[in-house]
Amino acid sequence: QVQVVESGGGLVQAGGSLRLSCAASDRISIGTVAWFRQAPGKEREAVAALRWGDRYRYYTDAVKGRFTVSRDNAKQTVYLQMDSLKPEDTAVYYCAIKFSAGVIKSSWHMEGQYNIWGQGTQVTVSS
């Protein structure tokens, strides 16, 4: 069974940077890879997504200009570069993969679009 493997979380001061990585345990046909996060006491929310075929990117407004999602096709790995981090970015970050098909603007943020999920990696930003 294919698994999603995340890495790169940690503790950083406000204004700092972290890079998260996400990869599938086996080679699969990827349609879209997304990052979600869940802060304590809050619902999980979509942060960013990358459509594999055309590299189209989506971002939630709260991270635009600070976070960048990219991919390494050969490694079938997606990265979330997080710059200018704020304490409100503190959360568990999850990577999710949608098989084969890309997502569209109206649905990229919906959890039900994604087929497999990682276990989450903690990001803590201190003030």
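Is D89 buried or exposed, and what is its relative accessible area?

Analyst: D89 is buried, with a relative accessible area of 1%, where buried means under 20%, exposed over 50% and partly exposed in between (1.4 Å probe, protein chains only). The model is predicted, so local features need pLDDT of at least 70 and side-chain atom pairs pLDDT 80 or more, while totals for chains, interfaces and linings use all residues. Residues are numbered from 1 along each chain as its sequence is written, and side-chain values use heavy atoms, leaving out hydrogens and water.

The side chain of D89 forms a salt bridge with that of R37, at 2.9 Å from N to O; the term stands for a side-chain nitrogen of Lys or Arg within 4 Å of a carboxyl oxygen of Asp or Glu. Because R37 belongs to strand β4 (residues 30-38) and D89 to the loop between β8 (77-82) and β9 (91-99), this pair ties together parts that are 52 residues apart in sequence. Strands here are DSSP runs of E, at least two residues long, numbered from the N terminus. R37 also counts as buried, at 6% relative accessibility.

D89 has a further salt bridge, with the side chain of R66, at 2.7 Å from N to O. Here too distant parts of the chain are linked, since R66 sits in the loop between β6 (57-59) and β7 (67-72), 23 residues apart from D89. R66 is buried as well, with a relative accessible area of 11%.

Taken together, R37, R66 and D89 join E45 in a network of salt bridges, and the structure as a whole holds six salt bridges.

Conventions
Helices (H or I, at least four residues) and strands (E, at least two) are DSSP runs, numbered from the N terminus.
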